[in-house]
Amino acid sequence: MPVSALPSLSVVVPCYNEQVVLPEFHQRLSAVMDRIGRPWEVVYVNDGSKDQTLTIMRGLEQQDNRVSSVNLSRNFGKEIALTAGLDHARGTHGVIVIDADLQDPPEVIQDLVSAWSDDVDMVYARRRAREGESVPKRLTAWMFYRVMAKLGNRIVIPPDTGDFRLLSRRALDSLLQMRERHRFMKGLFAWVGYPSKAVLYDRAPRAGGTTSFNYWSLWNFALEGITSFSVVPLQLGTYLGFVISLLAVLYGGWIVLNTLLFGSHVPGYPSLMSVILFLGGVQLMTLGLIGEYIGRIFNETKNRPLYFVESYHVEGVRQEGVKTV
């Protein structure tokens with residue numbers, strides 16, 4: 001396929017240490033995309049992998065001229081790697097986002113394309129079942145999506161939905177106009193708007209390797225999502241301060257009245273320390289919350305590029321030192 005003949009669909013796949021699953025993933029993806037019958041490409045993004053992921057990508061390029069690869073200069077994280085892939089996607093009609101670990105089966109792409117029409121700009125895959133995941137992880141995921149639904153203001157993030165989806169070219173071009181550094185892609189997909197449709201599927205267990213997400217990283221991910229699309233936590237801090245102040249006024253009034261009626265007495269030390277520690281904890285928590293927002297403002301004002309590309313391979317053509325802002 002000559003470089004001038006642009007594909008109709010692009011498949012963007014961010015990768016970090018995926019050497020175990022990448023060959024099988026590409027085999028299954030190719031079979032699915034060939035059945036769809038549209039010209040296509042796949043853009044693999046190497047996000048600073050420490051294993052042989054990049055070597056496998058290079059091998060796939062030699063076997064299949066529909067394979068493109070973006071090698072980032074270091075590990076920038078999945079959200080930035082996904083953005084890099086979307087920046088380099090050349091699909092004229094749409095782009096598909098999917099992970100390489102095979103938890104999101106490539107075969108579902110056919111359902112996404114079938115549900116896609118001129119009246120629908122985004123078709124997202126909604127999980128009906130989550131095989132191979134622990135009960136705590138499923139529970140925390142369920143809680144996260146419900147909390148986001150309450151905190152997202154006018155942004156409605158579909159529950160039980162990850163990055164696996166199909167976007168029209170119009171939706172993609174709109175999405176790429178947002179260049180914020182703290183990127184919560186699920187929220188950005190929802191913020192763009194446009195008509196959307198859900199496709200239900202069963203999520204499979206991870207085919208190989210180990211996930212890079214632990215509970216600490218998932219907590220930070222949730223914090224990123226909440227602070228990126230809602231100021232409700234700051235409002236809650238204000239409301240909490242108001243309630244505590246009101247209780248303090250009522251308690252102070254009770255002390256004055258009790259003193260006038262029954263005389264003065266020295267309050268107990270344990271109750272005094274409890275109040276002091278409680279108020280101190282609330283103040284520190286509120287300051288930390290404010291600090292989270294200020295830290296994001298600080299990072300945005302630096303105006304640094306989102307990422308640097310060490311090399312970009314497309315249809316056998318290599319480009320080096322590419323920088324995208």
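Trainee: What makes helix 7 (residues 185–192) count as mostly covered?

Mentor: In this predicted model, six of the eight residues of helix 7 are buried. They are M185, K186, G187, L188, F189 and V192. A residue is called buried when its relative accessible area is under 20%.

Trainee: How many aromatic pairs does the rule for ring centres give?

Mentor: The count comes to two aromatic pairs.

Trainee: Why is the pair of F25 and Y44 called edge-to-face?

Mentor: Two values decide the matter. The ring centres of F25 and Y44 lie 6.3 Å apart, and the cut-off for a pair is within 6.5 Å. Their planes meet at 70°, and an angle over 60 degrees counts as edge-to-face. The pair of F25 and Y44 is therefore edge-to-face.

Trainee: Where in the chain do F25 and Y44 lie?

Mentor: F25 belongs to helix 1 (residues 22–36) and Y44 to strand 2 (residues 40–46). They are 19 residues apart, and the pair links distant parts of the chain. Both F25 and Y44 are buried.

Trainee: How do you know whether F164 and Y201 are buried or exposed?

Mentor: The limit for buried is under 20% relative accessible area. F164 has 2% relative accessibility, so F164 counts as buried. Y201 has a relative accessible area of 3% and is therefore buried as well.

Trainee: What makes both faces of strand 4 (residues 94–97) covered?

Mentor: In a regular strand, side chains alternate between the two faces of the sheet. On one side of strand 4 are G94 and I96, on the other V95 and V97, and all of these are buried.

Trainee: Which strands pair with strand 4, and in what sense?

Mentor: Strand 1 (residues 9–15) pairs with strand 4 in the parallel sense over four bridges, and S10 stands opposite V95. Strand 6 pairs with strand 4 in the antiparallel sense, also over four bridges. There, L167 stands opposite V95.

Terms used. Residues are numbered from 1 along each chain as its sequence is written. This is a predicted model: local features need pLDDT of at least 70, side-chain atom pairs count only at pLDDT 80 or more; totals for chains, interfaces and linings use all residues. Side-chain values use heavy atoms; hydrogens and water are left out. Rings of Phe, Tyr and Trp (its six-membered ring) pair if their centres lie within 6.5 Å; planes under 30 degrees apart count as stacked, over 60 as edge-to-face and the rest as tilted. Helices (H or I, at least four residues) and strands (E, at least two) are DSSP runs, numbered from the N terminus. Buried means under 20% relative accessible area, exposed over 50%, partly exposed in between (1.4 Å probe, protein chains only). Two strands pair if DSSP finds at least two bridges between them.
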